[in-house]
Amino acid sequence: MTGIRLYNTRTRTKEDFAPIDSANVRMYVCGPTVYDRAHLGNARPVVVFDTLFRLLRHEYGPDHVTYVRNFTDVDDKINARAAEMKAAGDARPLEAIIRELTDGTIGWYHADMDALGALRPTIEPRATEFIGQMIAMIAGLITTDHAYVKEGHVLFRVRSYCDYGRLSGRSVDDMIAGARVEVAPFKEDPMDFVLWKPSTDDLPGWESPWGRGRPGWHIECSAMSHELLGESFDIHGGGIDLQFPHHENEIAQSMCAYPHGDFARVWMHNEMLQVEGKKMSKSLGNFFTVRDLLDQGVPGEVIRFVMLSTHYSKPMDWTAEKAAGAEATLRKWRTMTFRSKADTITPAEFIEALADDLNSHQAITLIHKFARQGNGGAVLACARLIGLLTPELGDWFTFGEGTVSGDERIDEISMVRNEARQKGLYEFSDELRDMLIEIGVGVFDNKFSSAAYFEAENLKRTLQSEAWSFWRSGEIGKAKEIAAQAAEAGLKIYVDEDGPSAVTGIDEIKAQGFFERKILNILKRAREIRLEMGVPQ
Ligand SMILES: [Zn+2]
């Protein structure tokens, strides 16, 4: 077993990970408020902790990891939406409207996160199904003086927990100075936060010792993690934006309610997501949901790849260029592994990279290396461990139309395009790209290089020659099977009375002499561009 090391936000060090019970490794991640579609930033913790979940399952066995991620289905925004529907004439009880609203949003969430290849957590509790546990926990906190009742509210007495602020490394006084704390007349101290609040008749509510009301947000995670994972569990995750106040409050509540437990031992936080270098916001017009991207034809697998390309502890920038690069890479990997079987043993260096605080960036670099070595078995084994190149995510992929086999003229043109891109002279590289595409050559660019890919054509030729060897030995049925297999991948191989033949658009074009003339024109233009760029010939 590879030793996993994780950066613990609480201790600010990378620590050896040793689960409390290796037969049941337990992780809790704060889930969504099911109010609306998940935006792209919401998807980052999902992909990050899904990858950790996969690594833990790989190391401890798939039946020995419990991953809990909650749904917050009691929230003022949800209530407001339901109240709007009621005001618009919906005659059902508020609770029924809310249930239908949140059921629908949970359905969207599942569909969107499934599309990113995220496994469903072991348990996905809904807050409204754990109100009894929250009430019991709050009652206990009142008994031990960590909480008090005032004007129908129950508040947590922050000054009663001396370690408050340790997770984010700030003192209570600093936090008061820096945060926009709500100063309410019923609070003893501005930092105290709500555990329970009263509900008027037009709001959803539950009976409690403090009257009809509803829980505050923070108590949810404490009550549900305790119920489902116990007083001490291994990992608590979430976005860095939740560190304060949400996670500080969770720790305070749980440690005061169950002082003999450790609550969560390792705290992990993923950094935020930006779009094209800017914070995602509705006012900047760069705000979009996962569904928006999927609907624009960006495959979920591409989104996952882009997210994993950046280490979770660094801010991540979503750019169209990265998405294009990811698509080209996945296309190349899927093509080269088309007939590979995943190795049963995943290369140790790959596991070590992931085990080093989930270094998915390094993990992807290693997959590139195995791909360059032509090691399809290793590429598949590694990629699948982090949820890429899985059959479920392969819907989008078909072999590129009109790619050509290794042709040194195209290689020279690609080289000139690379030089132009390195110099920032994109107009030249784009001009050549458009010329290549026009004659049916697949061109794929990423941040670092550009290339015209030939794998589909190579694969087609391999399949064709295999079909031929069966044909020659009289095994016509097997030759036809290969043709059928090729057809599934969009490669046209026909078996007729003359034997197997392969056809692609490019072959037809070549047969007409059109390709030869055109490619020479493009090569001529590429050489001119090289001169214009001042590259010595
Ligand atoms: Zn939480």
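The structure is a predicted model, in which local features need a pLDDT of at least 70 and side-chain atom pairs count only at pLDDT 80 or more, whereas totals for chains, interfaces and linings use all residues. Residues are numbered from 1 along each chain as its sequence is written. The mean pLDDT (the predictor's confidence in each residue, from 0 to 100) of the chain is 88, and 88% of the residues reach 70 or more. Over residues 400-406, however, the pLDDT is below 50, although this stretch has 27 contacts in the model beyond near neighbours in sequence, two residues being in contact if their C-beta atoms, placed from the backbone, lie within 7 Å. A further stretch, residues 508-512, also stays under 50 in pLDDT, and for these residues the model has six contacts beyond four places in sequence.

The secondary structure comprises 19 helices and 17 strands, where helices (H or I, at least four residues) and strands (E, at least two) are DSSP runs numbered from the N terminus. Of the 537 residues of the chain, 42% count as buried; a residue is buried if 20 or more other C-beta atoms lie within 10 Å of its own, exposed if 12 or fewer, and partly exposed in between, with C-beta atoms placed from the backbone. Among the contacts with a separation of 6 or more, 73% are accounted for by residues 24 or more positions apart.

Helix α2, formed by residues 76-87, has 12 residues and spans 16 Å from its first C-alpha to its last, close to the 16 Å expected at 1.5 Å a residue, the expected span being 1.5 Å times one less than the number of residues. Its buried residues are Ile-78, Asn-79 and Ala-82. These residues cover an arc of only 100° around the axis, which puts them on the same side of α2; the arc is that of the directions from the helix axis to the C-beta atoms. An α-helix has 3.6 residues a turn, so residues three or four places apart point the same way. The cover over the buried residues of α2 includes α3 (94-115), while the face turned away from the buried side carries the exposed residues Lys-77, Ala-80, Glu-84 and Ala-87. After α2 comes Gly-89, with a positive phi near 115°.

Helix α4 (residues 131-143) has 13 residues and reaches 18 Å between its first and last C-alpha, close to the 18 Å expected at 1.5 Å a residue. Met-134, Ile-135, Met-137, Ile-138 and Leu-141 are buried in this helix. Viewed down the axis of α4, the buried residues fall within an arc of 165°, so they line one face of the helix. They pack against β5 (147-150), β6 (153-156), β7 (193-198), β8 (213-215), α6 (217-229) and α7 (243-257), whereas the face turned away from the buried side carries the exposed residues Gly-132 and Thr-143. Just after α4, Asp-145 adopts a positive phi of about 70°.

The packing of α4 with α7 takes place at an angle of about 70°, with the axes 9 Å apart; axes are lines fitted to C-alpha atoms, for helices over the stretch in contact, and angles run from 0 to 180 degrees between N-to-C directions. The two helices α4 and α7 are therefore roughly perpendicular to each other, a class that takes in angles of 65 to 115 degrees, with those under 35 counted as roughly parallel, those over 145 as roughly antiparallel and the rest as oblique. Met-137, Gly-140 and Leu-141 of α4 make the contact with Gln-253, Cys-256 and Ala-257 of α7. Helix α7 also contains Pro-245, and the peptide bond from Phe-244 to Pro-245 is cis, with omega near 5°.

Individual loop residues were also examined. Pro-204 lies in the loop between β7 and β8 and counts as buried, with 21 C-beta neighbours inside 10 Å. Beyond its neighbours within four places in sequence, Pro-204 is in contact with Val-74, Asn-79, Leu-94, Glu-95, Ile-98, Ser-199 and Arg-214. The C-alpha atoms of Pro-204 and Asp-75 are separated by 9.7 Å, although the two residues are 129 residues apart along the chain. Arg-12, in the loop between β1 (5-8) and β2 (13-16), has a positive phi near 55° without being a glycine, and is exposed, with 8 other C-beta atoms within 10 Å.
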